[in-house]
Structure formats: C-alpha cells, structure tokens
Amino acid sequence: MLFRSCRQLFSQYLNQTLAALIGPRLVNEACAEIGQPAHTLRLLSGLGHVEPVAPTLVLWDLSRLVRSSEALRQIFAGPGDDLDSVLRRSDRPDAIALTAGVDALIDEIGFRGPNEWDLSSPTWDEVPAIVLAMIGCMSRCDDSFAPTNRRRHLEADRYRLTVEIAAALPPETRALFVDAVESAVTFIRGREACRTALMRVLHQVRVLVREVAERAVRRGNLTDPDDVWMLRSEELAYYADGGLSELNALAEQRHREFDEIEAIAPPPMLWRGGDNVDAVLPEGWEPGAMDAGTSTADLLLMEPGDLML
C-alpha cells in the first residue's frame, strides 16, 4: 500500500516538476529579449507559501530563544556531541521552552533531513542534533537576517521587476510573460507541495525498515541496524516473512562490493573545444586514428578505444 502511494505521489511530483519548467523557460526568454537574462532568478525568488520554507521560519523563531539567552548561548558554544541531552537535563525555563519547540517541530516534520530521497540518510526524528545544529547557526545572526524580512524584500522586488519587464516588452508578448510568471509561481509551489507529501509517505517506509532492523539486531540476525540498508527490497521482504535468518554475511558482502565500486577511478572526460586532448588521457594510452562522437546517437557506433566528445 505504501509503495503504491509512493508511486502515485511520485507520478504527480513528476507532473508538477515538468509543469514547473514551462513558466521559467518563457520568463527567461522574455528577460533575454530585453537584454536582462539574469533577471530570471529574481522573478522566481520570494515566492512565499512554499512547503520547504515553513520549517525555516520555525527554526528561526527557536534560534531567537538561544540568541536572547546567555545560558543557552553558553550551552550551544560547548561540545555539540551531547547537546540534546544537556538541554533536556536542564531545568531552566528557556531550555525547556527550546526542547519543547524542537519536539513539536520534529513531531510535525521529523521526516526532514539532509537527503530526504535516500531512505538510509538520517532525518530529524532520528538525529535531533541536525535540528539543534541549524538552530545554533541561526542564533549567530541578528534579527536583520529574519527569513520573513528577506522574503518580503524578494517579493517586492519580484512584483516591481514583473511590472518593469512587462512594460518593456512588445504588446504581443506582454500577456504571455505575465502568464509565464504566474505559471512559474503556481507550479513551483505545487512541485514543492507534492515533494513534501511524497517525503511524508517515504518516511513511513523508512520508519518501518528501521523497526525491522532493530528487531533483527535484538534477534542476533544483524549486528548494526544501519546495515539493513545494504539489503535489496526483495531480500528485506523475504527476511520479514521469515525466509532469511542471517543477514550479517550478506551485509558484509555488500559492504565489500560497495568499497570496491567506490575505489574505481572514474574515466577521464573530454570536453568539446579543449586545446590539449592528450592532457586528459590516461597515462600510457595511445589512441590511433579515431572518430570523435558528438551525440548520443554515435554511441551505437562506438568501438573500444573510441572517444565521446
């Protein structure tokens, strides 16, 4: 059921992602037409009401607690390895308020993390230190860096620039440009909303896999719960059904394969227009007469020793 939901949400995410490319492309063409292609980024900034922005606002508010408290600043200035435990052991009202705010944030969006697409990547609910590290960094900034201030500035700049560019465009393309800006704003917001919904469902899969890993460790079938990510999905399902009993050997084999692949040096890359092709060729490699491919279609004609430029 969860995998089916993930597929459905991912399909919608791809739909929104593709739709979110149309507006920016037309906006860029309009900006290039008046000789200001760099204005494209300014017209796509300060959108507001974008899903990933909401946690930043909460984190900023929590960072104000730290900045306004000398005691909390001293705690954050100390070793960060045990910061969460130090805060929870404190009976100070500011520390209690901070931990309560962090807990509320994690309860709502604990699926957030540095790489939410990767199920094995740590998330806020698993490693609260990630949240505290961001709060600590934000606490060093004064109130002038508030995200709401920045967003208001970007929004005002976007509206002003939209009017100026629309006025500079020919009448026949003016309406298309305004519609393109609105399209970009709408579908970028939609893309991020779909992504957030998908991450919520993916996190349910992540939590279930973590639980299977913890049970495997308690049963002695797995030494390190993180090794569960070395299993394929069908192997994990087979283990959950009682078909596998020993996972350590399989995980160790996968670790060795992973290390071998990671140790492989990537092949050299040649770029069109390079002045010295020999400078990027492997030492001792002596090509004879060769045809340089210039498109993916040429891959069908490639032979050992040929190069794709």
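Trainee: What makes Arg-254 and Glu-257 about one helical turn apart?
Mentor: Both sit in helix H11 (residues 248–262) and they are three residues apart, which means a separation of about one helical turn. Helices here are DSSP runs of H or I with at least four residues, strands are E runs of at least two, and both are numbered from the N terminus. The model is predicted: local features need pLDDT of at least 70, side-chain atom pairs count only at pLDDT 80 or more, and totals for chains, interfaces and linings use all residues. Residues are numbered from 1 along each chain as its sequence is written, and side-chain values use heavy atoms, leaving out hydrogens and water.

Trainee: Why is the contact between the side chains of Arg-254 and Glu-257 called a salt bridge?
Mentor: A salt bridge needs a side-chain nitrogen of Lys or Arg within 4 Å of a carboxyl oxygen of Asp or Glu. The N to O distance for Arg-254 and Glu-257 is 3.9 Å, so the pair qualifies.

Trainee: What is the orientation of H3 relative to H6?
Mentor: Angles under 35 degrees count as roughly parallel, over 145 as roughly antiparallel, 65 to 115 as roughly perpendicular, and the rest as oblique. Axes are lines fitted to C-alpha atoms, for helices over the stretch in contact, and angles run from 0 to 180 degrees between N-to-C directions. H3 and H6 (residues 93–109) pack at about 170°, with their axes 10 Å apart. H3 and H6 are therefore roughly antiparallel.

Trainee: What is the orientation of H3 relative to H7?
Mentor: Helix H3 (residues 53–67) and helix H7 (residues 129–138) pack at about 65°, with axes 8 Å apart. That makes H3 roughly perpendicular to H7.
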